[in-house]
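Look at the chain below with its charged side chains in view.

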Amino acid sequence: MPTNTKALQVAEPAGFIAGKNRIINGDFGIWQRGTSFSSTGYTCDRWYYLLNSGTGTVSKETTTVVTGTTSSLKFTSTSAGWPIIIQAIETANAVSLAGQ
């Protein structure tokens with residue numbers, strides 16, 4: 001059975017001037033709960049993982065990363081299915097986005 005692997009990376013484009021970052025641990029640098037997960041739940045700090053069907057794992061990737069970061073979140077599927085990766089933005093950080 002073929003294996004499908006994707007690495008998720010959140011990075012800013014070159015020359016981008018940003019305001020306050022609302023995503024916490026967007027560089028996937030903090031992994032207090034471990035580095036490999038095969039069931040629904042929190043993985044990399046602040047990131048929640050769900051799998052709609054099939055089987056797969058989420059793990060810390062240190063080889064394929066964005067320049068300036070040390071890790072990314074890697075999803076590997078061993079059967080049909082796709083991941084849902086979620087981070088809730090705290091209300092205090094989202095108020096200024098209302099109406100935009």
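In this predicted model, D45 is buried, with a relative accessible area of 11%. The residue sits in the loop between β3 and β4. Apart from residues up to four places away in sequence, D45 touches I24, N25, I30, W31, Q32 and R33.

One of these contacts is also a salt bridge: D45 pairs with R33, and their closest N and O atoms are 3.6 Å apart. R33 lies in the loop between β1 (4-8) and β2 (36-37) and D45 in the loop between β3 and β4, so the pair ties together parts that are 12 residues apart in sequence.

W47 is buried, with a relative accessible area of 7%. Leaving aside neighbours within four places in sequence, its contacts are I23, I24, N25, G26, F28, G41, Y42, I85, I86 and Q87. For I24, the separation from W47 is 23 residues in sequence and 8.9 Å in space, C-alpha to C-alpha.

The side chains of R46 and E90 meet in a salt bridge, with 2.5 Å from N to O. This pair links distant parts of the chain, since R46 is in the loop between β3 and β4 and E90 is in the loop between β7 (83-86) and α1 (91-94), 44 residues apart. R46 counts as partly exposed at 37% relative accessibility, and E90 counts as partly exposed at 36%.

The whole structure has three salt bridges. Another of them joins the side chains of E61 and K74, at 3.4 Å from N to O. Here the link runs between strands, with E61 in β5 (residues 56-61) and K74 in β6 (residues 72-77), 13 residues apart. E61 is buried, with a relative accessible area of 9%, whereas K74 is partly exposed at 22%.

Of its 100 residues, 23% count as buried. Among contacts between residues at least 6 apart in sequence, 52% join residues at least 24 apart. The accessible surface comes to about 6600 Å², and carbon and sulfur atoms account for 55% of it.

Key:
Residues numbered from 1 in each chain as written. Predicted model: local features only at pLDDT ≥ 70, side-chain atom pairs only at ≥ 80, totals over all residues. Heavy atoms only, no water. Buried < 20%, exposed > 50% of the residue type's maximum accessible area, 1.4 Å probe, protein only. Contact = heavy atoms within 4.5 Å. Helix = DSSP H or I, 4+ residues; strand = E, 2+ residues; numbered from the N terminus. Areas by Shrake-Rupley, 256 points an atom, 1.4 Å probe, with all protein chains shown as cover. Salt bridge = Lys/Arg side-chain N within 4 Å of Asp/Glu carboxyl O.
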